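Student: I'd like to learn how to read an aromatic pair in a model. Can you walk me through one?

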Amino acid sequence: MDTEELQLAAFEIILNSGNARSIVHEAFDAMRQGDYDLADEKLAASNEEMLKAHQAQTDLLQQYAGGTEIKIEIIMVHAQDHLMTTMTLREVALEMLELYKKL
């Protein structure tokens, strides 16, 4: 895999996980406003963006498993960090929504 392909994959992960992160923050706002249905919708929408980011990651892993040499660059490290942080934030948001609903 050449550098340009790797960078494009990294930016796809960053873009989609960034979109998901923004939507999670919209869900937090909906929770604060007491609009739990909207928060649920936002978290579902964030999951769709996460799936896109995860697919880009999975594609890379499949290529690697198939024998393609993938040189790790700092942009890919950043992309992975971005994805994992957003996944964790979304998990926290799901738990917080359940807590808000109980109040």
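Tutor: Let's start with the ground rules and then turn to the rings. This is a predicted model, where local features need pLDDT of at least 70, side-chain atom pairs count only at pLDDT 80 or more, and totals for chains, interfaces and linings use all residues. Residues are numbered from 1 along each chain as its sequence is written, and side-chain values use heavy atoms, with hydrogens and water left out.

Student: So how is a ring pair described?

Tutor: You give the distance of the centres and the angle of the planes. Rings of Phe, Tyr and Trp (its six-membered ring) pair if their centres lie within 6.5 Å; planes under 30 degrees apart are stacked, over 60 edge-to-face, and the rest tilted.

Student: How many aromatic pairs does the whole structure have?

Tutor: Searching it turns up 1 aromatic pair. Tyrosine 36 and tyrosine 100 sit 6.2 Å apart centre to centre with 40° between the planes, so the pair is tilted.

Student: Which parts does the pair tie together?

Tutor: Tyrosine 36 is in helix α2 (residues 36-65) and tyrosine 100 in helix α3 (residues 74-102), so parts 64 residues apart in sequence are tied together. Helices here are DSSP runs (H or I, at least four residues; strands are E, at least two), numbered from the N terminus. The protein chain has 3 helices and 0 strands.
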